[in-house]
Amino acid sequence: MSDRELESDIRNCTGRLTVIGQGYVGFPLAVAFARAGFRVAGLDTDPDRVAALNLGRPPSPDVSGADLEMLLREGRYVATSDVSVLERSDVVIICVPTPLRKSKEPDISFVVAAAEEVAARFRPGQLVVLESTTYPGTTEELLLPLFERRGARAGVDLFLAFSPERIDPGNPTFRVGDIPKVVGGITPDCTRLAALLYRQIVPEVIEVSSARVAELAKLYENVFRSVNIALANEFAVMCRRLGVESREVIEAAATKPFGFMRFNPGPGIGGHCIPVDPLYLSWRMRLDGYEPRFIALADDINRGMPAYVVSLLMEALNDEGRALNGARILILGVAYKRGVGDTRESPAHDVIAALRARGAVVAYADPHVPAFRSGGIDLKAAAPTAEALCRFASDKRRTL
């Protein structure tokens, strides 16, 4: 396929598109392209997820079962674990996890595995876009050589780009089609075709000079959030020491119509972005002999908040002459944010583990998380009803 044919298929939404990874990022993106008219395959290694998708059961709160069933009936979307679908794809988008290792170093094994599958089945004229958040240089230094070893030429018969995911699960105001996309390719033609692709589903596409710039833009977005959340968290600690309600102070400051952006304190940070992405940049910069101090400090403050929450509980119990050991504590919400069932990196993991280690009897209630594994223990959600609260707080024990 020539670049002109690819451009025509993209512009007319008639191309065959595969999205690798059908989680919170890849699945809504695949649905957005299917709605636009593309024939979309959602490629995932989890057979249970693939089966559920083909039965019309979406894993994301951003897509209804009725919408998914309609796309399945019309043949515009199908979920599969068969990698041979890559051979027939005009466009491949990689949306796989990029977690951290226990050493806090990047784990890009999922990206490498996906890219190797795509490169092994490369055919001239394909557009390949990486959306998984990663360290700057990944697209050019890691993905491109995989294709070049098979004779592909960037900007000639391979069009390779990076476009950071910006999906906010469970946010009804900003869905896939509402959020501008940043695109940076290996060559200008790579950028142009990737930008054309995303213009079929989003109102605004920002073209940048390189894939590295696009990779850094995503990291900076989440470094910004991590640092400002850390500031709000530390500010809350200071306000408590001063005997002032931090939220009242923040609400007062937020009335300023310029030069201020509101961030609220909380029990820590969670999800697949904020606790992870800044450390990808820190790792990459350390390779150059530079230590990003703001990132390290923000990470230290944010990861210390679960312990601070436990200390507040201990103070509250102590004020009543009771110990944490043996106290019955009900945690309201264990997902990392409201409205979703995603518990990745949730501070609830650390809070529950610390409470149990101190002898507390812990249960939780979360309508989006029916089961939760913490510290090797499987918990099941309690119903957050008045009756359940009374049962949990039986024997005249206080529920916090």
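**Close-up views of a predicted model**

**View 1. Helix α12 passes helix α13 in a right-handed crossing in this predicted model.** Two packed helices are described by the angle between their axes and the distance between the axes. Here, the axes of α12 (residues 305-319) and α13 (residues 347-357) come within 9 Å and cross at roughly 45°, so the pair counts as oblique. On the α12 side, the contact is made by Pro 306, Val 309, Val 310 and Leu 313.

**View 2. Ile 93 sits in the largest nonpolar core, which has 42 residues.** Along with Phe 33, Tyr 77, Leu 197 and Tyr 198, Ile 93 touches the most other members of this core. Leaving out residues up to four places away in sequence, Ile 93 touches Leu 17, Thr 18, Val 19, Ile 20, Leu 29, Phe 33, Val 129, Glu 131, Leu 197 and Tyr 198. Another core, this one of 37 residues, lies apart from it; Ile 108, Ala 152, Leu 279 and Tyr 280 are among its members.

**View 3. Cys 13 has a positive phi, near 55°, without being a glycine.** Look for Cys 13 in the loop between α1 (3-11) and β1 (16-20). With a relative accessible area of 11%, Cys 13 is buried.

**View 4. Lys 104 isn't a glycine either, yet its phi is positive at about 70°.** The loop holding Lys 104 runs between β4 (91-94) and α5 (109-120). Lys 104 has 35% relative accessibility, so it counts as partly exposed.

Key
Residues are numbered from 1 along each chain as its sequence is written. This is a predicted model: local features need pLDDT of at least 70, side-chain atom pairs count only at pLDDT 80 or more; totals for chains, interfaces and linings use all residues. Side-chain values use heavy atoms; hydrogens and water are left out. Axes are lines fitted to C-alpha atoms, for helices over the stretch in contact, and angles run from 0 to 180 degrees between N-to-C directions. Helices (H or I, at least four residues) and strands (E, at least two) are DSSP runs, numbered from the N terminus. Angles under 35 degrees count as roughly parallel, over 145 as roughly antiparallel, 65 to 115 as roughly perpendicular and the rest as oblique. A crossing is left-handed if the near helix is turned anticlockwise from the far one by less than a right angle, and right-handed if clockwise. Contact means heavy atoms within 4.5 Å. A nonpolar core is a set of buried Ala, Val, Leu, Ile, Met, Phe, Trp, Tyr and Cys residues joined through side-chain atoms within 4.5 Å. Buried means under 20% relative accessible area, exposed over 50%, partly exposed in between (1.4 Å probe, protein chains only).
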